[in-house]
Each structure stands twice: as C-alpha cells, then as structure tokens.
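Colleague: I would like a close look at one part of this model, the sheet and the loops beside it. Please take me through it step by step.

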Amino acid sequence: MWRWMLTMMGLFFSISADAQKFWDGGAGTQEWSDAANWQPDGVPLATDDVVLSHQWLSGDYTVKLPTGASSVSIQTLL
C-alpha cells in the first residue's frame, strides 16, 4: 500500500510541475535546437512552457525554428 501511494504521489507531482524554458540566446546562434540558447540549458520539450522575453536580452532578437522534415512541440508559448 505504501509503495502504491508513493508512486501515485510521484506521478501527480511530475504531471503538475510544468517546466519553463526561457530564451537567453547564450549560444549566439539564434537556433531553437541549440541547447545553450535556453535557460536552463536544454531544448524545450513538449511539456515545457516557453517564454520569449527580454529578461536576458535587450533589443530585438530572432529565434530560428528547425528547417526541413522536423517539428517542434511545446505546451505553451508566452
């Protein structure tokens, strides 16, 4: 019984904890798929909330999505 409760609690917290990724342009490449362009480092996953703001960058910036036969899936774009 105890093991089942711990498993269910872990599942609940992993589902309810939405991850956020912020564009910081750290790699200087403008490429969505460059992990160093994100804070925390790593390309956003389908469960992530993506925030494009001026928290780390001032002025205009460009984010280039992958080209060709590829896709990008995220939970939300803010």
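Modeller: Proline 40 is found in the loop between β2 and β3. Strands here are DSSP runs of E, at least two residues long, and helices are runs of H or I, at least four; both are numbered from the N terminus.

This is a predicted model: local features need pLDDT of at least 70, side-chain atom pairs count only at pLDDT 80 or more, and totals for chains, interfaces and linings use all residues. Residues are numbered from 1 along each chain as its sequence is written, and side-chain values use heavy atoms, with hydrogens and water left out.

pLDDT is the predictor's confidence in each residue, from 0 to 100. The protein has a mean of 86, and 77% of its residues reach 70 or more. Confidence is highest in β3, at 97, and lowest in helix α1 (residues 2-16), at a mean of 55.

Now the sheet. It is open, has 4 strands in the order β2-β1-β3-β4, and its pairing is mixed. β2 and β4 (76-77) are the edge strands, each pairing on one side only. Two strands pair if DSSP finds at least two bridges between them. β1 (residues 19-23) and β3 (residues 48-51) run parallel, joined by 4 bridges. Alanine 19 has aspartate 48 of β3 as its bridge partner. Glutamine 20 stands opposite aspartate 49 in β3. On the other pairing, 2 bridges join β1 to β2 (residues 38-39), and these strands run antiparallel. There, tryptophan 23 stands opposite tryptophan 38 of β2.

Next comes the loop between β1 and β2, where aspartate 24 is found. Leaving aside neighbours within four places in sequence, aspartate 24 is in contact (heavy atoms within 4.5 Å) with residues including Trp38, Gln39 and Trp56. The backbone nitrogen of tryptophan 38 lies 3.4 Å from a polar atom of the aspartate 24 side chain.

Glutamine 30 is also found in the loop between β1 and β2. Glutamine 30 is not a glycine, yet has a positive phi of about 70 degrees. Glutamine 30 is partly exposed, with a relative accessible area of 32%.

Note on methods. Buried means under 20% relative accessible area, exposed over 50%, partly exposed in between (1.4 Å probe, protein chains only). A polar contact is a pair of N or O atoms within 3.5 Å; within protein, one must be able to donate a hydrogen and the other to accept it, and residues adjacent in sequence count only if both atoms are side-chain atoms.
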